[in-house]
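Okay, everyone, let me put this one up on the screen.

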2 protein chains.
Amino acid sequence: MRISELATRSGVSAASIKWYAREGLLPAGNRTGYNQTEYGEEHLARLHLIRSLIEVGGLSVAAARNVLAAADDPAHPFGDTLGIAQASLPRSTTPPTAESVQQVTDAARAQGWEVFDDNPGLPAAAAVLDRYRALGREDLAATLPGYVRAAEIVAAADLDCITKNLDAGPATAAQTVVVGTVLGDALLAGLRRMAQASESHRRFGPTPGSPS
Amino acid sequence: MRISELATRSGVSAASIKWYAREGLLPAGNRTGYNQTEYGEEHLARLHLIRSLIEVGGLSVAAARNVLAAADDPAHPFGDTLGIAQASLPRSTTPPTAESVQQVTDAARAQGWEVFDDNPGLPAAAAVLDRYRALGREDLAATLPGYVRAAEIVAAADLDCITKNLDAGPATAAQTVVVGTVLGDALLAGLRRMAQASESHRRFGPTPGSPS
């Protein structure tokens with residue numbers, strides 16, 4: 001198909017398609033003549049994946065490229081794919097304090113988790129505690145045990161999905177990890193807003209908007 | 001203090017400080033002479049908040065501006081502040097399908113939630129289910145009930161924190177909602193990566209990296 005048809009079917013503008021190709025997120029099309037390039041169904045599928053990561057998952061183009069590189073490699077060991085999907089987290093420019101890293105580690109161990117020093121989730125979580133402290137809002141860290149319990153429930157649901165897809169081959173399992181991790185964050189953030197509104201309504205009475 | 005001292009103490013470059021002031025996130029400093037501007041402790045506190053939202057929370061400058069506008073207004077009703085903090089979610093350019101909105105609504109109601117049509121979490125969560133479908137991965141929606149239970153635990157921890165801060169005045173409660181919602185997403189995403197690694201280790205054996 002021509003780029004115009006690819007744009008219509010994917011919902012991604014021709015300019016963005018060219019940009020993603022230049023940035024290495026999308027394979028180049030097949031040049032069939034002067035100023036004419038053909039694209040296939042594989043380009044359409046890839047654009048769906050790119051849109052998912054960037055528009056719905058909120059990833060930067062650079063973060064999406066890293067995540068896609070992992071999903072592309074069928075020989076990628078499962079653990080590494082998980083590692084690269086995890087690298088989609090925003091990163092603070094300042095390393096977290098040892099105090100906050102310890103606080104997160106203690107909360108995780110109290111829930112019986114195995115804590116891995118090189119897991120990128122550890123500095124990401126610790127950076128949040130550092131920010132609470134910088135804002136004079138250490139009290140917000142009181143949510144930590146609840147968040148740890150919630151994260152465990154989410155991870156169990158994630159791993160159930162991954163386990164089912166191990167039979168479908170390593171490429172599908174890799175896609176499950178990559179897509180599920182990034183889009184799962186967006187799903188959880190959305191559900192959290194809904195739960196806050198519902199819980200606020202239950203505790204404090206009417207909130208703006210009417211129940212559907 | 002001069003801008004150079006403010007930059008050192010906040011960890012934000014002078015160029016970024018000027019940019020945040022131009023974009024309306026930071027109040028202007030006090031001009032004390034030709035090419036000289038004085039900043040106070042309130043500018044330092046504000047920069048800590050801006051860094052939290054942008055660097056750790058991963059918000060865009062535009063989203064951070066909306067969120068800060070809500071935190072600034074002491075007369076802001078609690079429910080509206082919650083609404084504006086919720087508006088920090090990434091938004092898909094395509095409205096979600098009625099089918100996915102219904103699927104999220106059903107899952108939330110099954111857990112006993114009050115569902116509000118105008119909660120921005122609803123289209124955000126539904127957009128994720130649409131993306132799963134576009135990718136041919138409807139199976140990933142199997143995580144929905146687990147995510148709903150997890151979101152409820154998180155929201156209960158959030159509301160406990162907010163309830164404690166109601167006594168500290170509406171401005172503090174507003175800050176709790178705004179900061180806690182945005183940074184809470186980042187905290188949860190970090191803990192989720194740690195929980196995935198721990199759960200993966202438990203089910204499949206060794207993963208990259210050694211336990212600390």
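Predicted model: local features only at pLDDT ≥ 70, side-chain atom pairs only at ≥ 80, totals over all residues.

**Where the chains meet**

Across the interface of chain A and chain B there are 24 residue pairs in polar contact, with both partners at pLDDT 80 or more.

The one that gives the most is α9(A), with 27 residues. If you sort that side of chain A by residue type, you get 49 nonpolar, 30 polar and 21 charged.

Okay, area. The two chains, A and B, bury about 9100 Å² between them, and 66% of that sits on carbon and sulfur atoms. On the chain A side, A:Arg131, A:Arg193 and A:Met194 supply 8% of the area buried against chain B, more than any other three residues. In residue terms, the contact takes 100 from chain A and 100 from chain B.

Now the charges. We count eight salt bridges between chain A and chain B. Have a look at the one where the side chains of A:Asp158 and B:Arg192 meet, 3.0 Å from N to O.

Strands β1 (residues 30-33) and β2 (residues 36-38) of chain B pair antiparallel, over three bridges. Where does B:Gly33 find its bridge partner in β2(B)? At B:Gln36. Two residues lie between β1(B) and β2(B), and in that turn B:Asn35 has a positive phi of about 60°.

Key:
Residues numbered from 1 in each chain as written. Chains lettered and ligands numbered in written order. Heavy atoms only, no water. Pairing = 2+ DSSP bridges. Helix = DSSP H or I, 4+ residues; strand = E, 2+ residues; numbered from the N terminus. Contact = heavy atoms within 4.5 Å. Buried area = accessible area lost by both parts, 1.4 Å probe. Salt bridge = Lys/Arg side-chain N within 4 Å of Asp/Glu carboxyl O. Polar contact = N/O pair within 3.5 Å; in protein donor to acceptor, adjacent residues only side chain to side chain. Nonpolar A, V, L, I, M, F, W, Y, C, P; charged D, E, K, R; others polar.
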